[in-house]
Amino acid sequence: MFRTLAKATAAIAVVCTAAGAGLALDEGRAGAATPTAGAATRTASSAGAAFTGSDFTGTRKIRVDGHSVNVSCAGRAHRGRPLVMLMAGGGEGLDNMAALQKSLSRTNRVCSYDRLGEGASDQPAAGTLQTMDDAGALLTGVLDRLAGDRPVVLAGHSLGGYIAARYAPGHTDRVKGLVLLDATIPHLTRDMNRTIPADATGVPAQVRDGAIAANEGQNPEQFLIADGPVRSAGHIPVEILKHESQYAEVPEYGPALEKMWADGQREWQRISTRSSLTTAKGSGHYIHTDRPDLALKAVQKVAHRAAHQH
């Protein structure tokens with residue numbers, strides 16, 4: 001989730017900055033309105049010459065629905081193989097997944113982008129909340145520019161994984177595979193309230209209150225985090241990786257928080273009949289940093305299956 005300012009809460013991967021309270025907890029993920037479906041929602045990008053993701057290597061700005069969006073691409077496009085789109089967590093720019101992008105680019109065309117409010121992209125409009133519909137429209141516009149008509153594999157960490165998982169079911173004409181790296185769980189508000197009671201005090205109360213504040217849009221993306229059921233994306237290949245240990249800094253509720261997170265990851269398995277859940281041994285929330293070998297293997301596996309599915 002979003003970067004923490006306090007060591008005691010640095011391990012809490014489900015909490016964002018609580019605006020106005022001076023509380024900044026670890027990276028949070030969000031969003032969940034029903035995404036608009038299919039190719040009919042693809043948004044034409046404005047201004048500038050049209051190009052696809054095979055046209056450049058490096059970082060540049062593109063225009064999507066009047067916004068300047070920072071994107072990065074690497075690797076060669078291969079006939080029949082999907083574009084891999086990396087999606088960083090909340091409070092993170094695309095640089096956070098740069099090492100994974102470099103590794104993947106040896107065998108795949110791979111891109112990443114900064115959502116509004118993150119990295120070098122535009123800020124969302126002041127005083128407004130972004131919903132999953134907004135995030136989905138931006139992702140569609142980015143894919144229109146970088147992938148064109150090519151199939152896509154979405155690989156997202158934390159909030160990026162949450163957005164990818166919410167987006168995929170409505171866009172199976174394009175999204176042919178999914179990798180979730182400790183994705184934010186589908187019912188974060190409900191489960192946080194169940195796990196840390198209202199009479200909790202100290203750090204546990206900060207964790208709970210910070211998560212709820214973030215869910216209400218008090219985060220860098222002004223992103224409204226709404227609980228919701230997992231929708232099916234049919235039979236696309238899905239690899240889900242969860243952390244091994246993350247909540248040692250909140251010992252009183254650590255085991256309950258771990259169970260909450262694990263149950264949420266199992267919920268994500270419902271997204272496809274071809275989903276697999278693996279615990280990344282030796283990893284905290286940043287699986288692509290702690291166990292880059294497992295993250296790389298998961299994305300390569302899904303990209304291969306996506307290229308050969310009929």
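Start by selecting serine 72. Leaving aside neighbours within four places in sequence, serine 72 is in contact (heavy atoms within 4.5 Å) with Gly58, Thr59, Leu94, Gln101, Val110, Cys111 and Ser112. The model is predicted: local features need pLDDT of at least 70, side-chain atom pairs count only at pLDDT 80 or more, and totals for chains, interfaces and linings use all residues. Residues are numbered from 1 along each chain as its sequence is written, and side-chain values use heavy atoms, with hydrogens and water left out.

Stay on serine 72. Its relative accessibility is 9%, so serine 72 counts as buried (under 20% relative accessible area, 1.4 Å probe, protein chains only).

Serine 72 lies in strand β4 (a DSSP run of E, at least two residues). Next, select cysteine 73 and cysteine 111. A disulfide joins them, S to S 2.0 Å (cysteine sulfur atoms within 2.5 Å). Cysteine 73 is in β4 (residues 67–74) and cysteine 111 in β6 (residues 110–113), 38 residues apart. The link is right-handed, with 110° about the S-S bond. Both cysteines are buried. A search of the whole structure finds one disulfide.

Finally, select helices α2 (residues 132–146) and α3 (residues 159–167). They pack at about 85°, axes 10 Å apart. α2 and α3 are therefore roughly perpendicular (65 to 115 degrees). Show Met132, Ala135, Gly136, Leu139, Thr140 and Leu143 of α2 against Ile163, Arg166 and Tyr167 of α3: these make the contact.

Technical notes:
Axes are lines fitted to C-alpha atoms, for helices over the stretch in contact, and angles run from 0 to 180 degrees between N-to-C directions. Helices (H or I, at least four residues) and strands (E, at least two) are DSSP runs, numbered from the N terminus. Angles under 35 degrees count as roughly parallel, over 145 as roughly antiparallel, 65 to 115 as roughly perpendicular and the rest as oblique. Buried means under 20% relative accessible area, exposed over 50%, partly exposed in between (1.4 Å probe, protein chains only).
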